Amino acid sequence: MSRKSFKEACRQWESDKARFVKATSLAAYSLTLRHHLEPRFMTLGDISPESVQQLADEELAAGNSPSTVKGIVLVLKMIIRYCEKQGWMPERRYEITFPKRKEKTSPRVLLLEEEKQLLSWLSENPSLINIGLLICLCCGLRIGEVCALKWEDVDIRQRVIHIRRTVHRIYHQDLSNHKSELTLGVPKTEDSRREIPISNYLVRILNKVYLDSYPEQYVVSGTRSPMDPQTFRNHFKRVASKLGIPARKVHSLRHSFATRCIESKCDFKTLSSLLGHADITTTLNLYVHPGLEQKRRCVEDMMNLL
């Protein structure tokens with residue numbers, strides 16, 4: 001019974017799971033199976049509490065974060081439960097020990113001087129892909145949202161950008177050669193479908209490249225097909241390297257936008273709406289981290305009332 005192929009069991013689990021989950025979720029499960037689980041287990045008999053703990057320990061030692069490793073173990077546990085229900089392996093408990101949660105760190109943001117330097121360079125080099133970076137920095141878009149942005153979504157006259165779709169890469173779980181494709185979809189939550197005002201500064205830059213006669217073209221790619229987010233990431237890395245800005249993720253542009261809004265006294269509810277968060281708590285937890293001077297002013301203001 002336990003000599004059944006682990007890979008075969010995974011394929012049957014994926015086939016059954018496909019009826020109940022989104023393609024994006026199943027693709028994520030499939031990547032975990034291909035890259036982390038199938039190379040380790042040949043048969044169901046190889047799975048034991050000891051081998052699962054060893055998996056977790058080695059994934060952590062390889063540099064993966066505790067949350068990533070927990071995700072890997074979670075997928076494995078779903079496979080195990082499925083196999084137990086099918087009668088392919090006996091039921092048993094799997095208690096995995098993870099290291100204590102590390103102290104949370106604030107999101108990485110560009111320093112003010114770095115942001116000014118980047119804004120200056122992007123405005124002086126207004127290519128379509130650079131306009132995409134500028135939009136991320138000035139409007140706080142996610143990478144999938146900016147790659148899916150069409151010119152019909154950019155209303156220069158009303159000075160607003162409409163977020164209507166996002167793009168992501170789907171990996172086909174039924175293909176052994178790991179082929180994938182870009183897929184357009186709706187934003188991650190209903191609140192992510194939003195309107196973002198365009199500043200006067202950004203309007204002036206957009207007017208240099210605005211393609212009003214090509215509404216179906218994507219802003220960043222300049223074609224009728226969206227740009228791969230990975231291509232966009234790679235471009236930002238090259239720009240950051242050129243300007244001597246320490247390597248950061250494209251998502252840091254969104255963090256920088258949110259941070260500058262807070263520093264400009266933007267109220268949290270408005271910022272949450274601009275970012276497309278479903279819950280203002282997400283905005284507060286991610287971006288509201290008062291510094292010592294802000295705390296000091298708060299205490300002094302309180303004492304002045306006494």
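Guide: Contact here means heavy atoms within 4.5 Å. The model is a predicted one. By that cut-off, Gln-117, Leu-118 and Trp-121 of helix H5 meet Phe-236, Val-239, Lys-242 and Leu-243 of helix H9.

Visitor: What makes the residues of this contact nonpolar, polar or charged?

Guide: The contact of H5 with H9 divides into 5 nonpolar residues, 1 polar and 1 charged.

Visitor: Why are H5 and H9 called roughly perpendicular to each other?

Guide: Helix H5, residues 112-124, and helix H9, residues 229-243, pack at an angle of about 110°, with axes 11 Å apart. Angles from 65 to 115 degrees count as roughly perpendicular, and H5 and H9 are therefore described in that way.

Visitor: In which hand does H5 pass H9?

Guide: The crossing of H5 past H9 is right-handed.

Visitor: What makes a residue part of the lining of a pocket?

Guide: A lining residue has an atom within 4 Å of a pocket point. The largest pocket has 30 such residues, and Ile-143, Val-167, His-168, Arg-169 and Arg-233 lie nearest its centre. The space in this pocket is about 750 Å³.

Visitor: Which element supplies the largest share of that lining?

Guide: Strand S3 does, with 5 residues. Elements that each supply at least two include H9, helix H2 (23-37) and helix H10 (251-263). By class, the lining of the largest pocket comprises 12 nonpolar, 10 polar and 8 charged residues.

Definitions and conventions: Residues numbered from 1 in each chain as written. Predicted model: local features only at pLDDT ≥ 70, side-chain atom pairs only at ≥ 80, totals over all residues. Heavy atoms only, no water. Axes fitted to C-alpha atoms, helices over the stretch in contact; angles between N-to-C directions. Helix = DSSP H or I, 4+ residues; strand = E, 2+ residues; numbered from the N terminus. Parallel < 35°, antiparallel > 145°, perpendicular 65-115°, else oblique. Left-handed = near helix turned anticlockwise from the far one by under 90°. Nonpolar A, V, L, I, M, F, W, Y, C, P; charged D, E, K, R; others polar. 1 Å grid on protein atoms, 1.4 Å probe; cavity = no way out; pocket = protein on both sides within 12 Å on 5 of 7 lines; lining within 4 Å. Points joined across faces, edges and corners; volume = space filled by probe spheres on them.
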